[in-house]
Amino acid sequence: MSFFAILFALLIEQARPLSRSNPIHAGLRAWAYSVQRNFDAGGLRHGWLAWALAAVLPALLVLGLHWLLLWLIGWPAAVLWSVLVLYVTLGFRQFSHHFTAIRDALEAADEDGARAALADWQQVDVGLLPRSEIVRHVIEYSVIAAHRHVFGVLAWFSILAALGLGPAGAVYYRMAEFVARYYDHERASPALYQAAQQAWRLADWLPARLTALSFAVVGSFEEAIDGWRFHAERFPQDNDGVLLAATAGALNVRLGGEALRGRSGATADAEGLDAHPEPDEEGADSSSSTPGRTPEVGHLRSVVGLVWRAVVVWLLLLALLTLARLLG
């Protein structure tokens, strides 16, 4: 029943998106802070214990309630619980308003407004980025956001749900990503920070490659695979590099990783995005950019189409698996 849970969650999220100031996310931030304050003693074991409590325990609680509902009421209640959990963890509307604001500003030739919206979204100093660089940053941030809010959640939910673990996978993935961002150098000890970053890289290894493969299927397949194979190392993070290199090939657009410079793991650092290496005559950093066309505003609509086509592919695959299971 994973297909129906995902479908209903996406439809509800499109109709009534969860606000940024919702009590669930506020409670999770308070939980992460409480765990760090009480269990982060600085040692390696303490770091992994604090990470497990912050990221794994919520997933186990969700799993326990899933099994309890399944035992007491039956599968309809368990499906409704999965829909509720996915509504909280899955969805485009948790970041798409930033993307839309920047795109609308660029289409209206309001580059200052686009820079301001980009700076507000990522909490960084964008300086005086030229138009093509604004587009490139938006593509990179948006693709990564779509992966972490949608495709990564879908991957973990689908795999663990098929094993009878309900929506625990969706919660684990989002919590692993959240604590990797939350436990930065200022909030956590080096041991907890390293544990959170390492656990996040492991959690995102398979989903990042599944998303990259999805983009290759619905985009330019050969170029996407070539980008994955030959240009992923040009980006600072391995998993993000695979995803962005495949996206660059699928859309034939030049991406360069500047949107990820200054990041440490999954945490954005406000060192400023204008501290780039010297660009070449086309305005791109030749040492780190992928092949492709110079980013233009039209590529933003291509990104939207790529992402939605990939979602349709995921839903069709899940629908076929659900149908085979019911008939079997």
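Trainee: Which residue lies over the face of Y182, and at what distance from the ring centre?
Mentor: R187 does, at 4.3 Å from the ring centre of Y182. A charge counts as over a ring if NZ of Lys or CZ of Arg is within 6 Å of the ring centre and within 35 degrees of the ring normal.

Trainee: What should I know about the model and the numbering?
Mentor: The model is predicted, so local features need pLDDT of at least 70 and side-chain atom pairs count only at pLDDT 80 or more, while totals for chains, interfaces and linings use all residues. Residues are numbered from 1 along each chain as its sequence is written, and side-chain values use heavy atoms, with hydrogens and water left out.

Trainee: Is Y182 buried or exposed?
Mentor: Y182 is buried, at 12% relative accessibility. Buried means under 20% relative accessible area, exposed means over 50%, and partly exposed is in between, with a 1.4 Å probe and protein chains only.

Trainee: Back to the overall fold. How many helices and strands does the protein chain have?
Mentor: The protein chain has 12 helices and zero strands. Helices (H or I, at least four residues) and strands (E, at least two) are DSSP runs, numbered from the N terminus.

Trainee: And what share of the chain is buried?
Mentor: Of its 328 residues, 54% count as buried.

Trainee: Which residues touch the most other members of the largest nonpolar core?
Mentor: I6, W51, L86, I102, F151 and Y183 do, in a core of 96 residues. Helix 7 (residues 131-162) gives the largest share of this core, 16 residues. A nonpolar core is a set of buried Ala, Val, Leu, Ile, Met, Phe, Trp, Tyr and Cys residues joined through side-chain atoms within 4.5 Å. In soluble globular proteins, nonpolar side chains tend to be buried together.

Trainee: What does F151 touch?
Mentor: Leaving aside neighbours within four places in sequence, F151 is in contact with A146, T211, F215, V307, A310, V311 and W314.

Trainee: How many aromatic pairs are there?
Mentor: The count is 12 aromatic pairs. Rings of Phe, Tyr and Trp (its six-membered ring) pair if their centres lie within 6.5 Å; planes under 30 degrees apart count as stacked, over 60 as edge-to-face and the rest as tilted. W48 and W51 are edge-to-face, because their ring centres are 5.7 Å apart and their planes are at 80°.

Trainee: Where do W48 and W51 sit relative to each other in helix 3?
Mentor: They are three residues apart in helix 3 (residues 44-72), so about one helical turn separates them. W48 is partly exposed at 31% relative accessible area, whereas W51 is buried at 8%.

Trainee: What kind of pair do Y182 and Y183 form?
Mentor: Y182 and Y183 form an edge-to-face pair, 5.6 Å centre to centre with 70° between the planes. Y183 is buried, with a relative accessible area of 0%.

Trainee: Which residues form an aromatic cluster with W48 and W51?
Mentor: W156 and Y172 form one cluster with W48 and W51.

Trainee: New topic: R209. Where is it?
Mentor: R209 is in helix 9 (residues 190-218). R209 is buried, with a relative accessible area of 12%.

Trainee: What does the side chain of R209 have a polar contact with?
Mentor: The side chain of R209 is joined to that of N239 by a polar contact of 2.8 Å. A polar contact is a pair of N or O atoms within 3.5 Å; within protein, one must be able to donate a hydrogen and the other to accept it, and residues adjacent in sequence count only if both atoms are side-chain atoms. Not counting residues up to four places away in sequence, R209 touches W228, D238, N239 and V242.

Trainee: S214 is in helix 9 too. Which backbone oxygen does its side chain reach?
Mentor: The side chain of S214 reaches the backbone oxygen of L210, at 2.9 Å. S214 is buried, with a relative accessible area of 10%.

Trainee: Last one. What is phi of A109 near?
Mentor: Phi of A109 is near 65°, a positive value in a residue other than glycine. Most residues other than glycine have a negative phi. A109 is in the loop between helix 5 (96-107) and helix 6 (111-122), and counts as exposed at 59% relative accessibility.

Notes:
Contact means heavy atoms within 4.5 Å.
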